[in-house]
Amino acid sequence: MDLNGLVDKGLRGESATRDEALAVLASPDDGLLDVVAAAGRVRRRWFGRRVKLNYLVNLKSGLCPEDCSYCSQRLGSDTGILKYTWLKPEQAAAAAAAGTAGGAKRVCLVASGRGPTDRDVERVATTIAAIRETSPGVEICACLGLLSDGQADRLREAGAHAYSHNLNTSEDNYADICTTHRFADRVDTVERSRRAGMSACSGLIAGMGEADGDLVDVALALRELDVDSVPVNFLIPFEGTPLSETWALTPQRCLRILAMVRFVCPDVEVRLAGGREIHLRTLQPLALHVVNSIFLGDYLTSEGQPGRADLEMIADAGFEVERAGAGTLPAHRRHTGRVAVRRRGAGTDLPPNA
Ligand code: SF4
């Protein structure tokens, strides 16, 4: 594996090839610190030592008709998670204010389900207005599932800065983790959110029994979609889900996966998301050398580290919390209500084809 070559590419904003990304995943534990250091050089080129904090607000939990096998909110799930219908706007605004008080720059409004109805979108628009009132300046990301006609435009108009919808795994592996919708449906929603002028956030889940090729392929698909942020989740094997016995990750493998994503998507926000505590454990601070963004405290149907512990970890590792108002992305990727420019391969900017 040519780590220096990977760093040189990353510093130029170019993506690793499929073979290079596979080599990162296949590298031995003995070389792990070299891989982290190399990914760290790319991370610092584009994001310095800043760490963006994100805070999840669960607007609606459980009660989903889909069958995603990793999800505690799936059809017929027996996981004992809290199930409730929509949080009221003032409740969501209070939760968002707690997140911003803890240093969060972005709040992610999450609702379980296949996708929102138009009435749901109006409800979320009201919630966005309430959050903008109490927490002006906070970035608002909606994560409501598959979008249909007009819904992305409405969310953008209501003030959503970003839309999040994960691809989760490769197209080839998709039918193994979900049968009620297709990979292409998810791609369609990511493209709808981009077309509407929202920043596209889409990531993956590792540890579901996938092959290295699946992890690399989903990372390359996200690069091709030109998303602005890539949350990397490590499977939390919730009891009562089909993957409850699947423990396929080590802390070292998690770091290699994060480094692989950084080399494939060098100049975008790579976010350490679900499962970091149980899979990275004491190696979490090393991950900060690769990612530039984390979820703060509690998140979606699982218990995260309390916010204070996260802030201490960031300071102890020599990083700093990104300030509200500071741009996260490098200048060449920044946009506000942008007309998107797709990036296809090294240094080639093409007009949007969406
Ligand atoms: S991931 Fe979303 S669509 Fe799939 S089961 Fe969970 S809540 Fe439903």
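Hi everyone, let's start with strand β1, which runs parallel to strand β9 (residues 293-295) and is joined to it by three bridges. Strands here are DSSP runs of E with at least two residues, helices are runs of H or I with at least four, and both are numbered from the N terminus. Two strands pair if DSSP finds at least two bridges between them.

A quick word on the model. It is predicted, so local features need pLDDT of at least 70 and side-chain atom pairs count only at pLDDT 80 or more, while totals for chains, interfaces and linings use all residues. Residues are numbered from 1 along each chain as its sequence is written.

Back to β1. Asn 54 has Phe 295 as its bridge partner in β9. Strand β2 (residues 106-111) is also parallel to β1, with six bridges, and there Leu 56 partners Cys 108. Two bridges link β1 in parallel to β10 (residues 320-321), where Val 51 stands opposite Val 321.

Buried means 20 or more other C-beta atoms within 10 Å of the residue's own, exposed means 12 or fewer, and partly exposed lies in between, with C-beta atoms placed from the backbone.

Finally, two loop residues. Asp 226, not a glycine, has a positive phi of about 60°. It sits between α9 (212-225) and β7 (229-234), and counts as buried because it has 21 C-beta neighbours inside 10 Å. Arg 281 also has a positive phi, near 50°, but counts as exposed, with 11 such neighbours.
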